[in-house]
Amino acid sequence: MQYAQEIWAKTLEIMERELGLSKTTINTWFDDTKALSFSDNSLTLFIEIPFKRSTVEQQYTGRIKEALKLLFSSDIDLVITAQENSEVQQEISQFSEELSFERFIVGKSNDLAYAAAKAVAQAPGASYNPLFIYGGSGLGKTHLLNAIAITVKKNNPNAKINYVKGGDFTSEFIESIQANKGDEFREKYREADLLLIDDIQFIAGKAQTQEEFFHTFNALYESKKQIVLTSDRLPKEMVNLEERLRTRFEWGLMADIQPPNYETRMAIISLKCKRLGLDLSEAQREIIANNVTSNVRQIEGTIKKIHAYSNLLGNDISQDIVERAIKDMFHEHPGLNPTPEIIVREVAKYFQVEEPTIVGKNKSKEVALPRQISMYLIRELIQSSFPEIGRYFNRDHSTVMHSVNKIEDEIRVNEELRNEIKDIRKNILEM
């Protein structure tokens, strides 16, 4: 929920700054709007007062979607509900048929994760418990979680399903303590038939949250209830994760998802085009497949951008339009084309240190932070493995893991550092 609220706050800023809505208008119609959830392609808002809800639906839905598109460079669905209950909003937005098994493109890069997810969905708690799916951003981990939920719900409409992001689990746990509602929190999660946690790595380093999740995990596991976790890394790579949790995460099956290979990218492009009614030639699809290689989300964004250009310009889709859409994706989306050399150069420039010093052996405080930030950004933007980053800096992978985790922890509480990294990232991506 916290992540959804952050997205909503940024959306309001864009509506005021970019779309010309006055502060008075925003305060009048959105002052008590609450963001309930944000899944891959959908933001769910709760508006209690019927008059305000109908006004927002009729007059401001287009503006909200426009702001979301400016924020994410792709179309985001919007759900406005009168139901604040989390189970209701999950049914509405998070478990969308768009994210079913039938719409998941299977290839060599994800076939194990797909097969394991289907097996778990058909017989929750019977095998592969927990199922731990790991891989980079935009590769389909959240899609598989949603597909599992859809299948389980179809087979058992009364199943209690809880889906939550790792960061939101922590926030909800803290809120329950502050509101003296710990029993309600424990009942919600420990009595679930299926627990789905996206980005579980975000509970690492949080002692109380890890303690609570340890007991939640045990309660569900002993009751033979299914647990499915996703992460951007293996449990052993979570430096600040307690050993007892790391061990439990490894009890079941660990399945990785890699960036899609050429054949899978072509299949994804063909399917996305078919759904949008977009007629691309084989050569045009090959151009996309050969250039947009990092993840599924970026491929989908490119297809949507071509579709938008086609609608706006009213012309047949030319190679220039395809290449323009690809170029825009390289400019707008993190991690599409920077290299370690570019990242280190921009970090060095920002902190006014020499590039060789960052990758060298100097251990002074003035160099240590830029080096750690460089490692963090290489991990974030390129999704390189810890050993790969270690080889670039001539350091052990455990040193890289420690550096990345340290920066991740620090930016949650240090606004100055968070803004510095934001500036560096912007410099890298706008080159």
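At what angle do the axes of helix H15 and helix H17 cross? Start there. This is a predicted model.

**Stop 1: two helices**

Select residues 340-351 for H15 and residues 365-382 for H17. Their axes cross at roughly 145° and come within 9 Å. The crossing of H15 past H17 is right-handed. Now show side chains. From H15, the contact takes in Pro340, Ile343, Val344, Val347 and Phe351. From H17 come Leu369, Pro370, Ile373, Ser374, Leu377, Ile378, Leu381 and Ile382. Color them by type: twelve are nonpolar, one is polar and none is charged.

**Stop 2: the cavity**

Rolling a probe the size of a water molecule over the atoms shows where empty space is left. How many cavities of 30 Å³ or more does a search of the whole structure find? The search finds one. The largest cavity has a volume of about 50 Å³. To locate the largest cavity, select its lining: Gln201, Ala204, Arg233, Met238, Asn240, Asn405, Glu408, Asp409 and Arg412. Color this lining by type as well. Four of its residues are charged, three are polar and two are nonpolar.

**Stop 3: Glu416**

Is Glu416 buried or exposed? Its relative accessibility is 58%, so Glu416 counts as exposed; the cut-off for exposed is over 50%. Finish with a distance.

Conventions:
Residues are numbered from 1 along each chain as its sequence is written. This is a predicted model: local features need pLDDT of at least 70, side-chain atom pairs count only at pLDDT 80 or more; totals for chains, interfaces and linings use all residues. Side-chain values use heavy atoms; hydrogens and water are left out. Buried means under 20% relative accessible area, exposed over 50%, partly exposed in between (1.4 Å probe, protein chains only). On a 1 Å grid over the protein atoms alone, a cavity is a set of points where a 1.4 Å probe fits but cannot get out, and a pocket is an open set with protein on both sides within 12 Å along at least five of seven lines; lining residues have an atom within 4 Å of a point. Grid points are joined across faces, edges and corners, and a volume is the space filled by probe spheres set on the points. Ala, Val, Leu, Ile, Met, Phe, Trp, Tyr, Cys and Pro count as nonpolar, Asp, Glu, Lys and Arg as charged, and the others, Gly among them, as polar. Axes are lines fitted to C-alpha atoms, for helices over the stretch in contact, and angles run from 0 to 180 degrees between N-to-C directions. Helices (H or I, at least four residues) and strands (E, at least two) are DSSP runs, numbered from the N terminus. A crossing is left-handed if the near helix is turned anticlockwise from the far one by less than a right angle, and right-handed if clockwise. Contact means heavy atoms within 4.5 Å.
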